[in-house]
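The sequence and structure are shown first.

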Amino acid sequence: MTKNFTLFISFSLMLGTSLFSQISSENFNESTYQKATLFLKNKDTLKGFARIKDFNTVHFKKERNDKKVKFTYKKLRGLQLVKDNFIKNFKYKLLIGEGPVLLRENNRGPLKLYTQSSFVLDNGSSIMSGNGVFFTLNTGTGQLYEYKRYYLSKKDSKHSVIKIWSDTNGKSNKIFRKRIVKYFKNCKSLISKIKQGEYQKWHIKDIVRDYNRNCKK
């Protein structure tokens, strides 16, 4: 998974800000240690500090100065990260052709939206994010940006997901519409809104919310 997700992209200031979301206190870096609760497959829970490393591995410490313990899907069902009362929940989901992937839950509706993030510090040179993804941001602003992949729960399955979009797919709404229309083809009202331009590629959460409200049986 990590190997397939390694890439090099050169961004100008305008392109960089259009594809990335600047990190705020409400959207913290999950690849650095945060207060955490781990949910194990044996039904036990562990409380301490954790971070997500290389997308699918969790590093855990009972106390900040303890030696880290590594967890994967073999023992871990998911985890919760907390910072300043802001919460992120993660679960391992099955991605066809890849295996279990650790994804953030983004909604509570029947159709679930999941994301997977890389965090990039713009220091004006070629860099590698905490999750092994290479980028060049040319501005040197020192800002931290978040790059996302988006997944949807696979139809008629509680366990598997499909990849639907990525922040680095570029600016083409035409490609996005083609992909998203194919997935939501059973919802005529939503398809009409997408084709008319009411929803763009940065409205994925709104699209899923619309589907859950008006189309999901």
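## Packing of α2 and α3

Helices α2 and α3 are roughly antiparallel to each other, a class that covers angles over 145 degrees. Helix α2 spans residues 173-183 and helix α3 residues 188-195; they pack at an angle of about 175 degrees, with their axes 10 Å apart. Axes here are lines fitted to C-alpha atoms over the stretch in contact, and angles run from 0 to 180 degrees between N-to-C directions. R177, I180 and V181 of α2 make the contact with I191, I194 and K195 of α3, contact meaning heavy atoms within 4.5 Å. These residues divide into 4 nonpolar, no polar and 2 charged.

## Basis of the model

The model is predicted: local features need pLDDT of at least 70 and side-chain atom pairs count only at pLDDT 80 or more, whereas totals for chains, interfaces and linings use all residues. Residues are numbered from 1 along each chain as its sequence is written, and side-chain values use heavy atoms, with hydrogens and water left out.

## Overall composition

The protein chain comes to 4 helices and 14 strands, taken as DSSP runs (helices H or I, at least four residues; strands E, at least two) and numbered from the N terminus. Of its 217 residues, 47% count as buried, that is, under 20% relative accessible area with a 1.4 Å probe, protein chains only.

## Nonpolar cores

The largest nonpolar core has 21 residues, of which L152, I180, F184, L190 and I207 touch the most other members. Such a core is a set of buried Ala, Val, Leu, Ile, Met, Phe, Trp, Tyr and Cys residues joined through side-chain atoms within 4.5 Å. Two or more residues each come from β13 (144-153), β14 (160-166), α2, α3 and α4 (204-214). Apart from this core lies another, of 15 residues, including L76, L81, F90 and Y92.

Leaving aside residues up to four places away in sequence, F184 touches L111, L152, L190, I191, I207 and Y211. In α4, the buried residues are I204, I207, V208, D210, Y211 and N212. Their cover includes β10, β13, β14, α2 and α3.

## The setting of T115

T115 lies in strand β10, residues 113-121, and is buried, with a relative accessible area of 2%. Not counting residues up to four places away in sequence, T115 touches L103, R104, N106, K148, R149 and Y150.

Note on methods
Buried < 20%, exposed > 50% of the residue type's maximum accessible area, 1.4 Å probe, protein only. Parallel < 35°, antiparallel > 145°, perpendicular 65-115°, else oblique. Nonpolar A, V, L, I, M, F, W, Y, C, P; charged D, E, K, R; others polar.
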